[in-house]
Amino acid sequence: MLRFFILFSLLLHSCVAAPKKPSAAAAVPAKKWLTLNGQEPAVVARGGFSGLFPESSASANDLAISTSSPGLTMLCNLQMTKDGVGLCLSDITLDNATTISTLFPKAQKTYKVNGQDLKGWFVLDYSADTIFSNVSLVQNIFSRPSIFDGQMPVSAVEDVLGAKPPKFWLSVQYDSFYMEHKLSTAEYLRSLGLRGINFISSPEIGFLKSIGMDAGRAKTKLIFEFKDPEAIEPTTNKKYSELQQNLAAIKAFASGILVPKDYIWPIDSAKYIKPASTIVADAHKAGLEIYASGFANDMITSFNYSYDPSTEYLQFVDNGQFSVDGVITDFPPTASQAITCFSHQKGNLPKAGHALVITHNGASGDYPGCTDLAYQKAVDDGADVIDCSVQMSKDGIAFCLDSADLTKSTNAMTTFMSRATSVPEIQPTNAIFSFDLTWAEIQSLKPQIESPFLTSGGFQRNPANKNAGKFMSLVDFLELSKAKAVTGVLINVQNAAYLASKKGLGVVDAVKSALTNSTLDKQSTQKVMIQSDDSSVLASFEAVPPFTRVLSIDKEIGDAPKPSVEEIKKHADAVNLKRTSLVTVSNSFATGKTNVVEEMHKGNISVYVSVLRNEFVSIVFDYFSDPTVELATFIAGNGVDGVITEFPATATRYLRSPCSDLNKDQPYAILPAEAGALLSVAAKEAQPPTSAPNPPLDAKDVIDPPLPPVANMATSNATGGAPPAPRSGTVANAANLGLTLLAMLALGLLFTA
């Protein structure tokens with residue numbers, strides 16, 4: 001136990017810092033809130049930081065207090081033992097939240113709860129001593145870290161109060177059930193004298209009325225909780241939807257209401273938000289505060305939020321029409337930053353720091369990548385640099401697309417399946433490649449939004465925009481960048497050697513010609529970045545000094561020795577590195593930080609990190625399943641010079657927030673995570689095995705052979721003679737290729753359906 005608290009203290013001191021008290025000189029202008037009392041909406045931590053640690057564990061409570069805004073409210077779900085002790089546990093049964101089933105495997109019982117039979121291990125069947133002495137907590141949501149399971153004791157209500165949260169909220173869900181079994185939650189609360197309890201909520205009107213006088217004397221706010229609209233409130237036997245129609249009656253015994261967030265912003269069957277209901281305005285008109293529940297970073301919500309949890313909070317507190325009075329969340333730091341740092345962030349605010357926001361195929365998290373709409377969204381979102389990965393059509397038109405493989409980002413499979421080929425020099429799988437289709441044929445295709453985590457986790461990206469937009473030639477892309485006056489463009493050159501030698505297509509020449517015709521090579525107003533994983537491509541642009549050359553290093557590296565850095569400097573001014581080359585990862589935990597950024601900076605080489613995405617499955621637990629904390633870790637923690645992202649709105653909002661500037665004296669700051677600190681809290685035997693470090697970058701890996709000349713394909717075809725005789729496996733390979741493509745087509749049609 002002592003070891004645990006030592007390690008936990010390490011986490012608190014290395015990963016987070018206590019919120020600062022603003023000095024008089026750094027006073028921040030007061031924000032105008034549309035809450036009932038005009039004050040900032042409350043952040044209510046459900047069971048502490050239950051998004052990481054088991055609910056209401058000491059670790060969850062301490063981390064919530066340390067990482068959240070100063071006025072945090074801690075919520076405890078009250079459950080009662082057979083001897084009348086109050087515990088903080090997520091539910092009336094112990095099954096999902098503790099180790100009870102392994103200790104007493106045959107002790108399941110069935111009780112009638114709210115008119116329904118419920119089977120499990122019930123808290124009221126055990127004494128407090130039995131639970132405290134034998135039972136440990138586990139994470140009750142299986143997508144969350146299980147590494148802390150079985151290591152933390154159950155907390156009594158007094159334990160959570162002892163952590164001295166700024167405010168405390170007690171949720172009483174099952175008073176009627178406990179009363180049936182001779183246990184009184186009201187008497188338990190009176191035994192505490194309601195000391196330190198700022199809020200008490202319940203979905204049962206009778207219970208709230210029974211403690212009304214006690215709450216009044218203690219100045220404790222009573223909150224009536226609405227359940228599913230069709231559920232029955234036990235005191236009145238009315239549906240909650242009926243009770244919602246008469247909020248004035250609720251004002252007679254409560255000072256506020258708590259509703260699931262969908263009561264306020266309903267979501268349709270396609271997962272898009274519908275127009276807001278009037279319940280916030282109705283509650284405020286009746287003199288009631290209104291709190292919204294159900295917020296978590298690691299749950300799929302509306303596509304309107306682009307997998308950004310801060311955007312969802314802002315929809316409830318900063319929409320220009322109303323604001324809830326508080327949010328109940330499993331991830332209190334994210335709610336804190338949304339309310340304290342991002343709300344009322346209007347206009348084109350200046351960025352803090354020098355880090356660039358560079359797109360990956362435009363705003364490809366919201367629209368099909370490399371389309372006019374993806375680029376327009378990126379510009380609207382404030383991206384500094386928009387990017388074009390240059391592909392070549394069969395007739396020599398340079399255009400923007402993430403890959404030469406058209407099956408990933410277009411509907412080419414439905415139209416040009418017969419054109420599929422195998423090109424091992426580019427990728428191991430068969431595909432329909434851009435250089436085998438004319439530009440007119442490519443323009444006839446529909447773009448298709450890429451969802452990188454669709455098959456692995458069911459994370460579909462904005463289906464309403466699935467085929468929106470049109471493809472852009474490189475010439476059109478450059479014209480757009482000039483018309484929109486973006487800070488810069490990044491031109492990514494791929495497969496130059498193959499295209500020149502095997503297809504007779506000079507992609508380097510095409511890029512040079514387009515840049516010259518756009519006059520971007522003769523100005524310094526807009527930044528031009530040329531990126532490639534081929535040093536010989538970068539060498540081709542050495543004669544154009546205004547251009548910034550970026551070497552893309554696709555392999556994971558753990559070190560950048562001086563000879564390698566010196567070799568890079570011969571060819572490039574910057575590098576594009578994978579996230580795991582800066583922060584090592586194991587089992588979704590950050591295990592360590594490399595010195596690669598520092599080593600590159602010593603060689604006067606800028607560092608960009610890629611690719612950042614908002615889906616929480618791509619974000620390690622140390623970043624709180626929050627893309628903003630990941631941004632803070634790479635920008636403020638690692639000191640990168642730019643981030644390459646598919647969701648530029650998230651990055652620009654962070655950089656335009658005063659909370660991103662750690663040199664400012666302010667009430668709250670968005671701090672980087674310290675790699676390895678969270679993992680160290682777990683018992684040694686529960687930690688994943690130490691993985692081998694990434695290899696250092698070898699200087700010879702930087703050097704590529706000179707680019708071949710562009711072949712004259714007409715001459716080659718005319719004089720090349722007969723094609724070689726097919727090998728014995730040719731027919732079989734052709735059949736396998738057809739079957740593979742048919743399977744891909746069927747899969748695509750399935751997802752479309």
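1. A residue is called buried when its relative accessible area is under 20%. M600, with a relative accessible area of 0%, is therefore buried. Please keep in mind while reading that this is a predicted model.

2. Staying with M600 for a moment, you will find this residue in helix α24, which covers residues 596-602. Setting aside residues up to four places away in sequence, M600 touches A560, V565, I568, V575, I605, V607 and L697. A574 sits 26 residues away from M600 along the chain, and the C-alpha atoms of the two are separated by 8.5 Å.

3. Now for the chain as a whole. It holds 29 helices and 25 strands. Its radius of gyration is 29 Å, close to the 27 Å that the globule rule gives for 753 residues, so the chain is as compact as a globular protein of that length. The C-alpha trace spans about 95 × 65 × 55 Å along its principal axes.

4. How much of the chain is buried? Buried residues make up 54% of the 753 residues. The accessible surface comes to about 31400 Å², and carbon and sulfur atoms own 54% of that surface. Among contacts with a separation of 6 or more, 72% are between residues 24 or more positions apart.

5. Next, the interior. In soluble globular proteins, nonpolar side chains tend to be buried together. Here the largest nonpolar core has 170 residues, and I264 and I491 are those with the most contacts inside it. Helix α21 (residues 507-517) gives the most to this core, contributing six residues. Domain 1 (39-93 + 154-260 + 279-297 + 306-342) and domain 2 (356-685) both supply residues to this core, so it lies between them.

6. I491 deserves a look of its own. Which residues does I491 contact, leaving aside its neighbours within four places in sequence? The partners are C388, V390, L474, F477, L478, V511, M529, I530 and Q531. There is also a second, separate core of 13 residues, and its members include A412, F416, I442 and L445.

7. Most residues other than glycine have a negative phi, and most peptide bonds are trans. L194, which is not a glycine, has a positive phi near 55°. This leucine is found in the loop between α7 (185-192) and β8, and at 5% relative accessibility L194 counts as buried.

8. H344 is another non-glycine residue with a positive phi, here about 60°. Its place is in the loop between α14 (332-342) and β15 (356-359). Is H344 buried or partly exposed? With a relative accessible area of 28%, H344 is partly exposed.

9. Last, a peptide bond to check on screen. S610 and V611 are joined by a cis peptide bond, with omega about -10°. V611 belongs to strand β24, residues 606-612.

Definitions and conventions:
Residues are numbered from 1 along each chain as its sequence is written. This is a predicted model: local features need pLDDT of at least 70, side-chain atom pairs count only at pLDDT 80 or more; totals for chains, interfaces and linings use all residues. Side-chain values use heavy atoms; hydrogens and water are left out. A nonpolar core is a set of buried Ala, Val, Leu, Ile, Met, Phe, Trp, Tyr and Cys residues joined through side-chain atoms within 4.5 Å. Buried means under 20% relative accessible area, exposed over 50%, partly exposed in between (1.4 Å probe, protein chains only). Helices (H or I, at least four residues) and strands (E, at least two) are DSSP runs, numbered from the N terminus. Domain bounds come from an automatic or database domain assignment. Contact means heavy atoms within 4.5 Å. The radius of gyration is taken over C-alpha atoms; the globule rule is 2.2 Å times the number of residues to the power 0.38. Accessible areas come from the Shrake-Rupley method with a 1.4 Å probe; for residues, only the protein chains shown count as cover.
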